Amino acid sequence: MNTLGPPERRRIYLIRHAEVSYFSETGAPLDPRSVTLTERGRQQAIEMAAALADVPFDRAVCSGMPRSRETAAAVIAGRKIRIEDDANFREIRAGRLRDIPPERRRAELVHVLESAALTGASFAGGESFAAFEERVLAATMRLLGTSDWRRLLLVAHDAVNRVLLAWAAQAGVRAIAAFEQ
């Protein structure tokens with residue numbers, strides 16, 4: 001006789017960090033590892049916190065980047081949960097943005113997701129999409145393999161969330177361009 005009953009449902013609340021700017025007021029690219037939320041982004045994070053105020057989170061994980069940490073901190077403000085940094089949820093690593101001519105930036109930064117499933121495809125001359133997907137999914141499997149949470153806040157980045165959504169839809173990396181946030 002099974003006395004354990006059905007397993008309790010677990011939920012991951014997947015959030016993209018709030019608004020940032022990757023370029024200075026003069027148009028020069030900023031180091032994406034250090035950008036923080038804009039004023040509008042801070043307001044968005046406060047609005048996310050209000051929308052999720054009734055969710056009893058057990059655990060909070062972010063990529064460790066200032067923008068994801070700042071968003072996570074706003075969402076769990078006032079709760080007794082520490083934010084865990086997991087660098088495996090960092091955004092796909094680009095090559096050097098300054099090495100991409102301005103006329104190629106749109107193709108290299110915006111439309112590149114449409115070719116993510118091609119053999120050897122990489123993001124702006126940096127990390128390959130195959131390695132990126134492997135990194136993100138391995139970290140996700142580690143989270144799913146733990147039993148210390150029922151409601152997990154995961155604050156990550158655009159392409160990270162696209163990989164997770166495509167995985168959940170059983171569509172794979174070829175579908176990441178289809179997911180918008």
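**Entry 1: H4 and H5**

I looked up the crossing of H4 and H5, and it is right-handed (right-handed if the near helix is turned clockwise from the far one by less than a right angle, left-handed if anticlockwise). The model is a predicted one, where local features need pLDDT of at least 70, side-chain atom pairs count only at pLDDT 80 or more, and totals for chains, interfaces and linings use all residues. Residues are numbered from 1 along each chain as its sequence is written, and side-chain values use heavy atoms, with hydrogens and water left out.

Helices here are DSSP runs of H or I with at least four residues, numbered from the N terminus. The axes of H4 (residues 129–144) and H5 come within 10 Å and cross at roughly 70 degrees; axes are lines fitted to C-alpha atoms over the stretch in contact, and angles run from 0 to 180 degrees between N-to-C directions. H4 is therefore roughly perpendicular to H5 (65 to 115 degrees; under 35 is roughly parallel, over 145 roughly antiparallel, the rest oblique).

I listed the contact (heavy atoms within 4.5 Å). H4 brings Phe132, Glu133, Val136, Leu137, Thr140, Met141 and Leu144, and H5 brings Ala159, Val160, Val163, Leu164 and Trp167. By class these are ten nonpolar, one polar and one charged; Ala, Val, Leu, Ile, Met, Phe, Trp, Tyr, Cys and Pro count as nonpolar, Asp, Glu, Lys and Arg as charged, and the others, Gly among them, as polar.

**Entry 2: H1 and H2**

I then took H1 (residues 39–51) and H2 (residues 66–75), which pack at about 40 degrees with their axes 8 Å apart. The two helices are therefore oblique to each other, and their crossing is right-handed. Arg42, Ala45, Met48 and Ala49 of H1 meet Glu70, Thr71, Ala74 and Val75 of H2. I noted five nonpolar, one polar and two charged residues in this contact.

**Entry 3: the largest pocket**

I read off about 1,100 Å³ for the largest pocket. A pocket is an open set of points on a 1 Å grid over the protein atoms alone, where a 1.4 Å probe fits, with protein on both sides within 12 Å along at least five of seven lines; lining residues have an atom within 4 Å of a point. Grid points are joined across faces, edges and corners, and the volume is the space filled by probe spheres set on them.

Of 34 lining residues, Pro32, Glu91, Ala94, Leu97 and Phe123 are closest to the centre. The lining divides into 15 nonpolar, four polar and 15 charged residues. H3 (105–110) and H5 (158–168) each supply at least two residues, and H3 gives the largest share, four.
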